[in-house]
Amino acid sequence: MYVVMANDCIGEEVEKLAAALPEGGVLLLENVRFYKEEEKNDPEFAKKLASVADLYVNDAFGTAHRAHASTEGVTKFLKPAVAGFLMQKELDYLVGAVANPKKPFAAIVGGSKVSTKIGVIESLLAKVDILILGGGMIYTFYKAQGYAVGKSLVEEDKLELATSLIEKAKAKGVSLLLPTDIVVADKFAPNAESKIVPATAIPDDWMGLDIGPDAIKTFNAALDTTQTIIWNGPMGVFEFEKFAAGTDAIAKKLAELTTSKGVTTIIGGGDSVAAVEKAGLADKMSHISTGGGASLELLEGKPLPGVLALDDA
Ligand SMILES: Nc1ncnc2c1ncn2[C@@H]1O[C@H](COP(=O)(O)OP(=O)(O)O)[C@@H](O)[C@H]1O
Ligand SMILES: O=C(OP(=O)(O)O)[C@H](O)COP(=O)(O)O
């Protein structure tokens, strides 16, 4: 196959290379973000990008939440403007499976802070049967319930929100599961001292960095009852080997449920994807999203400008 790369994404050289492209050839352009006009969604820049093409296929799901010149502006100058195969798969899973899931449907939400996941938790609460929480955000939930959390990560200004999310789950009949035990560390370091404690008995001067073995057992038993699972955010500080067990266990469970029971498993981008890839289980899941921010916005129910700009099929 004839593939050629240009040193720019607009201009004379690009025009010449495009004009000389043989049937079936590929012209790869330089990164559009080297121009500030890209992120500003400058119409003149979008027009220049469009000038060498006849139609537009957007397969960059990871940037679909951005209204930039190459994702949104360019669609005003090229028709048809359509989704590529990857974009279609991302939308089928993240919109389709979540809007119309095989039930029971569980969501696992982790990661560092509750503040960055409020939208996704609230949106999923309206759809799931089971909501499993892990990662750094759980200490805000524990503190809101009056537990001592030692030096664990807590967002003091989100305590009321945590209480209201627990109440919302109850009102909607969603089974909200918080870990019953925790792996605590004496410092935030890969070689920290660690021990397993009940979630209700985190000692002063220690911090929770992973979910414990009882929590893993309970979470696994809940996941065994499901048909669809969506996962966003690691269960602990998985970058440190010593605190990766909870995240690895969830990754293994999802892989097993997908292959042996045909459960639909969707990994929603960012660090959870990195964790699944690190565990070598990426090809076992039903869908691994290529967009961190984009998948989160979709799961929050926000429209993506890069998708809205495309023509209906
Ligand atoms: N108990 C914890 N304390 C502090 N940080 C945590 C804890 N559990 C997980 N994290 C951190 O959360 C980060 C991922 O959070 P986030 O960016 O919200 O997830 P994602 O990228 O999957 O959406 C990881 O770097 C991980 O180390
Ligand atoms: O890497 C990307 O997204 P991700 O880190 O959210 O997966 C995309 O390129 C979007 O990046 P941006 O947040 O700089 O627009």
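A: Helix 8 and helix 9 are roughly parallel to each other, a label given to angles under 35 degrees, whereas angles over 145 count as roughly antiparallel, 65 to 115 as roughly perpendicular and the rest as oblique. Helices here (H or I, at least four residues) and strands (E, at least two) are DSSP runs, numbered from the N terminus. This is a predicted model, in which local features need pLDDT of at least 70 and side-chain atom pairs count only at pLDDT 80 or more, while totals for chains, interfaces and linings use all residues. Residues are numbered from 1 along each chain as its sequence is written, chains are lettered from A and ligands numbered from 1 in the order in which they are written, and side-chain values use heavy atoms, with hydrogens and water left out.

Helix 8 covers residues 213-223 and helix 9 covers residues 245-261, and the two pack at an angle of about 20° with their axes 11 Å apart; axes are lines fitted to C-alpha atoms, for helices over the stretch in contact, and angles run from 0 to 180 degrees between N-to-C directions. Their crossing is right-handed, in the sense that the near helix is turned clockwise from the far one by less than a right angle, anticlockwise being left-handed. From helix 8, Ile216, Phe219, Asn220 and Leu223 meet Ala245, Gly246, Ala249, Ile250, Lys253, Leu254 and Leu257 of helix 9, where contact means heavy atoms within 4.5 Å. By class, this contact has eight nonpolar, two polar and one charged residues, with Ala, Val, Leu, Ile, Met, Phe, Trp, Tyr, Cys and Pro counted as nonpolar, Asp, Glu, Lys and Arg as charged, and the others, Gly among them, as polar.

Asp248 also lies in helix 9, and at 23% relative accessibility Asp248 counts as partly exposed, the range between buried (under 20% relative accessible area) and exposed (over 50%), with a 1.4 Å probe and protein chains only. Between Asp248 and Ala222 there are 26 residues in sequence and 17 Å in space, taken from C-alpha to C-alpha.

Helix 8 also lies across strand 5, strand 6 (130-133), strand 7 and strand 11, running at about 155° to strand 6. These strands belong to an open sheet of six, in the order 7-6-5-11-12-13 and with parallel pairing, two strands being paired if DSSP finds at least two bridges between them. Strand 7 (175-177) and strand 13 (287-288) stand at the edges, each with a single partner strand, so one side of each has no neighbour in the sheet. Strand 5 (residues 105-109) pairs in the parallel sense with strand 11 (residues 228-232) over five bridges, and Ile108 stands opposite Trp231 in strand 11.

Not counting residues up to four places away in sequence, His287 touches Lys89, Glu90, Tyr93, Thr265, Ile266 and Ile267.

Helix 5 (residues 118-125) is mostly covered, with six of its eight residues buried, and its cover includes helix 4 (85-99), strand 5, strand 6, helix 7 (159-172), strand 11 and helix 11 (292-299). For the chain as a whole, the secondary structure comes to 12 helices and 13 strands, and buried residues make up 49% of the 313 residues.
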